[in-house]
Amino acid sequence: MAYLALYRRFRPMGFDTFIGQEHVVKILKNQIKTGKIGHAYLFCGARGTGKTSAAKIFARAINCLSPVDGSPCGECEVCRALAGPNMDVLEMDAASNNSVDDVREMRDKIMYPPVNGKYKVYIVDEVHMLSASAFNALLKTLEEPPAHAVFIFATTEVHKIPQTILSRCMRFDFKLISTDKLVRLVSDVFDKTGKSYEPAAVAAIARAGAGSARDALSIADMCSSYSEGTLTYNDVIEVLGSADRRTVFGLVQKIIDSDAGAALTLVDALASGGKNMAVLAEDVAAELRDLIVCVTAKNPEKILFLPEAELSEKTALAARCEPHRLLRLLDIFTSQSNAFRFAAHPRIVMETAVIRACNPDKDYDADALMSRVVVLERELAALRAEIQKTPYIAQESHISTPTEPSAAPVQAPVQPVAQPVAQPVQQPVAPPVQPAAPPQPQPAPQPAPQAVQQPVYQPAPQAAPQPAPRPQGGEAYAVPPSKLWGNVLRKLRTNGNAVLWTVCCDVRADVQSGTLTITVDDEAEYKMFTREDHFKTLSETAASFGNYTVKIVLGSAPQENAELNRDIDELKSVFGDALEIKD
Ligand SMILES: [Zn+2]
């Protein structure tokens with residue numbers, strides 16, 4: 001007996017052994033059980049998804065005298081008659097018979113009633129290949145079919161079928177078969193043929209089948225004739241011609257490492273070996289797709305069906321790359337398919353793609369820029385983490401950070417005398433925030449406190465004895481304390497706060513330690529100033545000139561009169577409250 005291909009030998013004879021397409025099978029079985037058979041069916045979907053097999057089962061099942069759960073029994077006289085060559089189930093390949101004459105012949109044949117069963121079935125494969133006039137001829141038959149006629153059209157390109165035909169057909173969409181179903185199919189076939197195999201080998205075959213049962217079984221066929229004993233994973237890899245898969249993986253590795261030179265060397269090696277550049281781009285894209293699955297999916301093993309070692313290798317590589325960059329790389333290699341088709345030198349297209357992929361910084365599209373932003377964000381986050389580790393910055397950054405860099409080189413060497421006074425707390429943390437210090441020969445901790453303190457105290461020497469930590473000058477305040485009040489008054493006036501401005505002209509104001517103290521003489525004025533809206537206006541105006549806050553005081557003088565107050569207190573302590581003080 002001549003060798004029969006596995007996919008023919010194991011073609012399902014009933015819906016019970018049909019794999020995948022449960023949504024289609026369920027409806028067809030119901031139609032058979034209820035006897036509600038249509039005149040025209042359209043099976044569409046990718047190749048090898050079971051369209052023709054389903055059509056053949058359906059053609060026999062609707063004729064079977066005693067179908068079993070919607071499948072042909074295989075034993076009745078009709079089933080036996082239809083198992084061999086017969087006149088009731090006819091097939092036509094529209095790819096090679098696409099003329100009007102072919103359709104007319106088909107029309108004539110279907111007019112004759114069936115010989116064995118109840119229906120005469122015409123299965124037209126690749127129906128989208130029919131010419132326009134052939135479709136028109138077919139349409140006539142579809143409009144008024146004889147009662148016994150059933151057409152089953154199969155196509156991989158449903159969009160090429162005229163609307164007039166589509167509207168007269170019951171349409172079924174066949175999906176790609178999942179890899180785990182293909183794994184079961186292939187292991188089942190190997191079990192039945194007595195072929196021993198490694199599970200990884202079967203997984204590789206199913207993966208290569210890419211959703212097509214016919215492809216998976218064809219590959220299984222090749223593999224089982226290739227290996228004498230147990231079929232191994234490596235056998236399958238060799239049969240599939242995937243020996244250069246390692247090179248492709250290496251190429252992706254180099255691309256991720258942005259090593260354009262090494263990547264181009266690999267492209268050269270593959271091109272010299274006769275590899276088609278368009279196929280190489282597809283292989284690289286497939287590899288990148290695997291990496292994206294590894295880095296995004298929770299269960300990549302269930303999606304990729306790869307041996308463990310290979311899966312962990314890919315996962316490790318994927319982890320080295322931003323998911324966003326992987327998407328960008330994938331886009332680079334998938335978007336080239338048209339370029340390859342029309343390119344005079346496909347190798348140049350490939351090399352350009354590789355160089356673009358290796359150098360996001362020489363690329364100005366949004367994705368490339370995004371990749372660069374991600375890198376910058378990472379570096380920024382690392383820098384921030386580094387800075388937050390230093391307690392000094394965390395505690396007093398508002399004083400030191402803005403003033404220091406400019407002050408450090410000038411101030412520090414001038415007053416070496418003050419060193420012992422330096423606060424010990426600040427010493428250990430000063431160096432990291434003082435990048436401007438290199439010209440100084442001294443050990444870092446010593447000049448550092450100087451640099452911190454100088455700008456704080458120098459511009460306002462009167463503040464020095466005070467313990468208040470707030471700066472009196474420097475860059476923390478846009479306007480120095482001495483000029484604050486004048487600026488506040490001017491701003492109140494120019495901003496149209498005439499009432500407030502008028503009363504402000506009549507009060508005493510003093511700025512100490514970043515606080516603008518407004519002293520009013522009577523309660524009415526005090527209420528006026530502390531009214532929510534007025535106080536808010538004052539606070540905002542003051543704050544617009546720096547880090548100033550506002551305080552309203554009734555009666556007593558601010559710190560400007562501290563000495564006087566101290567004297568008064570002293571007098572009071574001697575003479576008691578009976579003492580009256582006049583302004
Ligand atoms: Zn039967």
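Q: In which loop is Asp69 found?
A: This is a predicted model, in which local features need pLDDT of at least 70 and side-chain atom pairs count only at pLDDT 80 or more, while totals for chains, interfaces and linings use all residues. Residues are numbered from 1 along each chain as its sequence is written, and side-chain values use heavy atoms, with hydrogens and water left out. Helices (H or I, at least four residues) and strands (E, at least two) are DSSP runs numbered from the N terminus. On that numbering, Asp69 lies in the loop between α3 and α4 (77-83).

Q: Is Asp69 buried, partly exposed or exposed?
A: Buried means under 20% relative accessible area, exposed means over 50%, and partly exposed lies in between (1.4 Å probe, protein chains only). Asp69 has a positive phi of about 50° although it is not a glycine. Its relative accessibility is 46%, so Asp69 counts as partly exposed.

Q: What is the relative accessible area of Gln21?
A: Gln21 sits in the loop between α1 (6-9) and α2 (22-34). Its phi is near 55°, a positive value in a residue other than glycine. Gln21 is buried, and its relative accessible area is 5%.

Q: How many residues of helix α3 are buried?
A: Helix α3 spans residues 51-61 and is mostly covered. Its buried residues include Lys51, Arg60, Ile57 and Phe58. Of the eleven residues of α3, the number buried is ten.

Q: How far apart in space are Ile110 and Pro145, C-alpha to C-alpha?
A: Ile110 belongs to helix α5 (residues 100-111) and is buried at a relative accessible area of 0%. Not counting residues up to four places away in sequence, Ile110 touches residues including Lys120, Tyr122, Pro146 and Phe151, where contact means heavy atoms within 4.5 Å. Ile110 and Pro145 are 35 residues apart in sequence, and their C-alpha separation in space is 8.9 Å.

Q: Is α12 roughly parallel or roughly antiparallel to α16?
A: Axes are lines fitted to C-alpha atoms, for helices over the stretch in contact, and angles run from 0 to 180 degrees between N-to-C directions. Angles under 35 degrees count as roughly parallel, over 145 as roughly antiparallel, 65 to 115 as roughly perpendicular and the rest as oblique. Helix α12 (residues 245-256) and helix α16 (residues 308-319) pack at about 20°, with axes 11 Å apart. That angle makes α12, relative to α16, roughly parallel.

Q: How many charged residues are in the contact of α12 with α16?
A: The contact involves residues of α12, among them Arg245, Phe249 and Gln253, and residues of α16, including Glu310, Lys314 and Leu317. Ala, Val, Leu, Ile, Met, Phe, Trp, Tyr, Cys and Pro count as nonpolar, Asp, Glu, Lys and Arg as charged, and the others, Gly among them, as polar. The division is four nonpolar, one polar and, for charged residues, five.

Q: Does α17 pass α19 in a left-handed or a right-handed crossing?
A: Helix α17 (residues 323-334) and helix α19 (residues 346-358) have axes that come within 10 Å and cross at roughly 165°. A crossing is left-handed if the near helix is turned anticlockwise from the far one by less than a right angle, and right-handed if clockwise. For α17 and α19 the crossing is right-handed.

Q: How many disulfides does a search of the whole structure find?
A: A disulfide is a pair of cysteine sulfur atoms within 2.5 Å. Cys321 is buried at 6% relative accessible area, and Cys504 is buried at 1%. For disulfides, the search of the whole structure gives zero.
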